[in-house]
Amino acid sequence: MENEASYKNRKVISIGTVSELTGLTERQIRYYEERKLISPERSDRGNRKYSFMDVERLIEIANKREEGVRTDEILQELKKKKKKEDTATRNKMIQGQLNARFNKSNRYPKK
């Protein structure tokens, strides 16, 4: 599962291919970048590079736009989602630390 996540996050897809995959124009894709809805990386030559996660997000954005949702509303929703994911990750890390500490302290019971 971790390899799948890293695979989906690799920024290797050109804007032309993203346009073909999503049905969005290159101008629309650049507009969503300007609105901070996606964050492509740049190649050494300055070309935008997108990930499969970016493609999925763009499809989600396009669907929401078709429903009449404004880009600023989408951005707020994405920020809330990210904050929720960050909190869940932090909680898992804390729980892991507590489990490690708890298990470690119980390995050698006091006499």
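Me: What should I know before reading the values?

Reply: This is a predicted model: local features need pLDDT of at least 70, side-chain atom pairs count only at pLDDT 80 or more, and totals for chains, interfaces and linings use all residues. Residues are numbered from 1 along each chain as its sequence is written, and side-chain values use heavy atoms, with hydrogens and water left out.

Me: In what order do the three strands form the open sheet?

Reply: Strands of a sheet pair through backbone hydrogen bonds, either parallel or antiparallel. Here the order is β1-β3-β2, with antiparallel pairing. Strands (E, at least two residues) and helices (H or I, at least four) are DSSP runs, numbered from the N terminus. Two strands pair if DSSP finds at least two bridges between them. β1 (13-14) and β2 (41-42) are the edge strands; each has a single partner, so one side of each lacks a neighbour in the sheet.

Me: Over how many bridges do β1 and β3 pair?

Reply: Two, in the antiparallel sense; β3 spans residues 48-50. Ser14 has Lys49 in β3 as its bridge partner.

Me: Why does Lys64 count as buried?

Reply: Buried means under 20% relative accessible area, exposed over 50%, partly exposed in between (1.4 Å probe, protein chains only). Lys64 counts as buried because its relative accessibility is 17%. Lys64 sits in helix α4 (residues 52-66). Beyond its neighbours within four places in sequence, Lys64 is in contact with Val69, Ile74 and Glu77. Contact means heavy atoms within 4.5 Å.

Me: Where is Lys79?

Reply: In helix α5 (residues 71-107). Lys79 is partly exposed, at 49% relative accessible area. Lys79 and Leu37 are 42 residues apart in sequence, and 9.6 Å apart in space, C-alpha to C-alpha.
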